[in-house]
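This briefing is meant for someone opening the structure shown below for the first time.

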Amino acid sequence: MKSQIFKTVLKVFLTALLSLAALLLVLFVSSVIAGFVQIEKNTEYQDRHLEYLKTEYYTDSYVPCDEQKLADFDIEKAFSEGVKLNEIAVMGTHNSYQLLGTLPKRGLMKTLQIISFGAVENKAVFEMDTFTEQLEQGIRNLEIDIETVDDEGDISFIVTHSAIIDNVSSAYNFAKGLEEIAMWSDHNPGHLPVYLLIEPKDDVPSLNNMKNFSLEYALEFDKVLRKVLGDRLLTPEQVMGEYESFEEMRKADGWPALKQAAGKIIVLLHSCGVTQEYIDTDISIKTQAMFPMLRFGDIDKACASFILDNDPASAKENNKKTVDEKNLMVRTRADDYPDFSDERYNYANNCGSHIITTDYPPRSVREKDHTYTFGGYTIKLLK
């Protein structure tokens, strides 16, 4: 009798397990198919969005963003008093291009979340406003993940978290995404500097002509930045000015005045496998378009300018070396969707970093989520 009960229970368990496996397989395959379909949807979405923006900007109804309401200090006074670029902190966003995941992807992640009792987090419901909306709300750092596409020598870049299954993006074509940022900049003359943090991805080489990011592609990327942004781009050479290296500039406390950086866009290359090769093309960094963003272990390098220290507790602990001694600029993360805590926010608020990224910025999407700010502002004075 007991043996029969055991067999029955085992049979029910195996049947349920197979059913669950079949469901997960269906959801996964559906997510992949939806990902391929999404590529065309991304392109259509971005084109419609750009056309809409052109209509909005070139009418009398558009009113430039009032940055003074976003800053906890008097901007004009800061300009007149010579406050420097490294004396303010700005709020940034993580995966700034992300839209709501496809329906199959959300279903897959929700199922995994349930069967793992919450161990697997459902990040498919994470989404951000468009670049323009974020800039209007005071975000001054956008994080942009890129994949490289090389179609028989025709090189381009797309903006996505993952090539297929997690590829929903408001700025799929990178050059067009830059165009959107440039349009906002042109219609908000004299805005405080905007940082673009570029993180190259090497997820699915050879799929849809995608290739691993290399030095060749990094140099092509520089060309795209210069072509689309033009004189809006604030280059390493311009920031360095008369100094021969960033180290020399930092020792002389030679970071440019905030007013000099007004209306400009600064592009940072996230630490990656190509970073050192990119530096080696010109160790002075005077001919590159991007600032190599290094890790804490690299703070003694002459080419160091911006440092990644993504744990705000670590950023606070390292502040004496990175900021006080080396006069570097630091980026950290206040949270990591869906996780956040008052303790981590306290570290973020007091770590002295210059770019503080959050997954919970002021926004129009995810309205029921809480919001993190600098006491109601997105730009603050550090000194």
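By class, four nonpolar, three polar and three charged residues make up the lining of the second largest pocket. The model is a predicted one, and the space in this second largest pocket comes to about 160 Å³.

- The residues that line the second largest pocket are His 49, Tyr 52, Leu 53, Glu 56, Tyr 57, Tyr 62, Thr 130, Thr 132, Glu 133 and Glu 136.
- Helix α1 (2-57) and helix α4 (131-136) each supply at least two residues of this lining, and α1 gives the most to it, with five residues.

**The largest pocket**

- The largest pocket holds about 190 Å³ of space, and of the 13 residues that line it, Asn 95, Lys 123, Phe 126, His 161 and Asp 166 are the closest to its centre.
- When the lining of the largest pocket is divided by class, four residues are nonpolar, four are polar and five are charged.

**The packing of α11 and α12**

- Helix α11 (residues 312-325) packs with helix α12 (residues 342-350) at an angle of about 35°, and their axes are 8 Å apart; the crossing of these two helices is left-handed.
- On the α11 side the contact is made by Pro 312, Ala 313 and Lys 316, which meet Arg 344, Tyr 347, Ala 348 and Asn 350 in α12.
- The residues of this contact between α11 and α12 comprise four nonpolar, one polar and two charged.

**Thr 275 in α10**

- Thr 275 is found in helix α10 (residues 275-280), and Thr 275 counts as buried because its relative accessible area is 5%, while buried means under 20%.
- Leaving aside residues up to four places away in sequence, Thr 275 touches Leu 269, His 270, Pro 292 and Leu 294.

**Pro 104 in α3**

- Pro 104 lies in helix α3 (residues 103-115), and, not counting residues up to four places away in sequence, Pro 104 touches Leu 27, Ser 30, Ser 31 and Ala 34.
- Pro 104 and Leu 234 are 130 residues apart along the chain, and a distance of 41 Å separates their C-alpha atoms.

Technical notes:
Residues are numbered from 1 along each chain as its sequence is written. This is a predicted model: local features need pLDDT of at least 70, side-chain atom pairs count only at pLDDT 80 or more; totals for chains, interfaces and linings use all residues. Side-chain values use heavy atoms; hydrogens and water are left out. Axes are lines fitted to C-alpha atoms, for helices over the stretch in contact, and angles run from 0 to 180 degrees between N-to-C directions. Helices (H or I, at least four residues) and strands (E, at least two) are DSSP runs, numbered from the N terminus. A crossing is left-handed if the near helix is turned anticlockwise from the far one by less than a right angle, and right-handed if clockwise. Contact means heavy atoms within 4.5 Å. Ala, Val, Leu, Ile, Met, Phe, Trp, Tyr, Cys and Pro count as nonpolar, Asp, Glu, Lys and Arg as charged, and the others, Gly among them, as polar. On a 1 Å grid over the protein atoms alone, a cavity is a set of points where a 1.4 Å probe fits but cannot get out, and a pocket is an open set with protein on both sides within 12 Å along at least five of seven lines; lining residues have an atom within 4 Å of a point. Grid points are joined across faces, edges and corners, and a volume is the space filled by probe spheres set on the points. Buried means under 20% relative accessible area, exposed over 50%, partly exposed in between (1.4 Å probe, protein chains only).
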